[in-house]
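Thanks for making the time this morning. I would like to walk you through a few local features of one structure, so please have a look at it before I go on.

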Amino acid sequence: ELVDLAVREARAASERVSAGAALGVEQTRARFAENEARLHESNGRLALDAARRRLAASWGDVEPDFSRAEGDLENVSPPPPIEDLLAKLERNPDLARFEAERAERDAQLALARARRIPDPRLGAGVRHLAGPGDAALVFEVAVPLPLFDRQQGAIAEAAERIAKLDAERATARRAARAALVAEHARWTVAHGEVEAVRNRLLPDAKQALAELRSAHRAGRISQLDALAAWRTEFETVDRMLHQLGEYHEARIATQRLVGA
């Protein structure tokens, strides 16, 4: 639609120049806008194709077997309070992995401490005595004395690994909290922008376009002025689409940070 609009503007500018109602620079400027619109369209198609391929690759397909992705892009609602999300931060998948690692390292420390006490060796057997027909049961217990290997090095290493893991988890939690606050703020700003554009700017742009089209039909303004109002409406829609993308990206990023 923007390319079509740019073509109309270029045609109108050419007619004005031919009629002597405008300078040649107006036609050059309109032709530049048309070429720029075509370039944006070409880049947009390439980006769309790349997005399809990335989406298909996410479930293991080399080539996409679909041409259209469906969804309700304009379905938006205010984000929940940041306090509610911070209370769910422990569900963050980047933090959840530390629980399993901590259990493993606790087990390693317990094993190192257990090895300070050597395992006793038990034995039993029959011993024949000197007298005829005399025999006895013999039991043996051997307990090694840990005079040299008290597992101090292994215990210290295991404790150090736990302390290092706790420090890494604290760092990861701070990073996750900062990311959550930032994404929640981006979500909030994008929601406010979408609501402002959809409820105020876009209706105003549509009303202005309708009034200018009526004025153009009555011969009170030029075609270029009417097309300029049309471009303003398109740019307003484009702004809303961009903010809708920001909204959903921030919403998904925020929900991922709390394990949703």
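Predicted model: local features only at pLDDT ≥ 70, side-chain atom pairs only at ≥ 80, totals over all residues.

Now to the helices, where H5 covers residues 152-217 and H6 covers residues 223-257. Their axes come within 7 Å and cross at roughly 160 degrees, and because an angle over 145 degrees counts as roughly antiparallel, H5 and H6 are described as roughly antiparallel to each other. The crossing in which H5 passes H6 is left-handed, and the contact of H5 with H6, sorted by class, has 22 nonpolar, eight polar and 12 charged residues.

Staying with helix H5, Gly 192 lies in it, and this glycine is partly exposed, with a relative accessible area of 37%. Gly 192 and Tyr 247 are 55 residues apart in sequence, while their C-alpha atoms are 9.4 Å apart in space.

Finally, the aromatic rings, for which the count comes to three pairs. In one of them, Trp 59 and Phe 66, the ring centres are 5.9 Å apart and the planes stand at 50 degrees, so the pair is tilted. As for accessibility, Trp 59 counts as partly exposed at 47% relative accessibility, and Phe 66 is partly exposed as well, with a relative accessible area of 22%.

Methods
Residues numbered from 1 in each chain as written. Heavy atoms only, no water. Phe/Tyr/Trp six-rings, centres within 6.5 Å; stacked < 30°, edge-to-face > 60°. Buried < 20%, exposed > 50% of the residue type's maximum accessible area, 1.4 Å probe, protein only. Axes fitted to C-alpha atoms, helices over the stretch in contact; angles between N-to-C directions. Helix = DSSP H or I, 4+ residues; strand = E, 2+ residues; numbered from the N terminus. Parallel < 35°, antiparallel > 145°, perpendicular 65-115°, else oblique. Left-handed = near helix turned anticlockwise from the far one by under 90°. Nonpolar A, V, L, I, M, F, W, Y, C, P; charged D, E, K, R; others polar.
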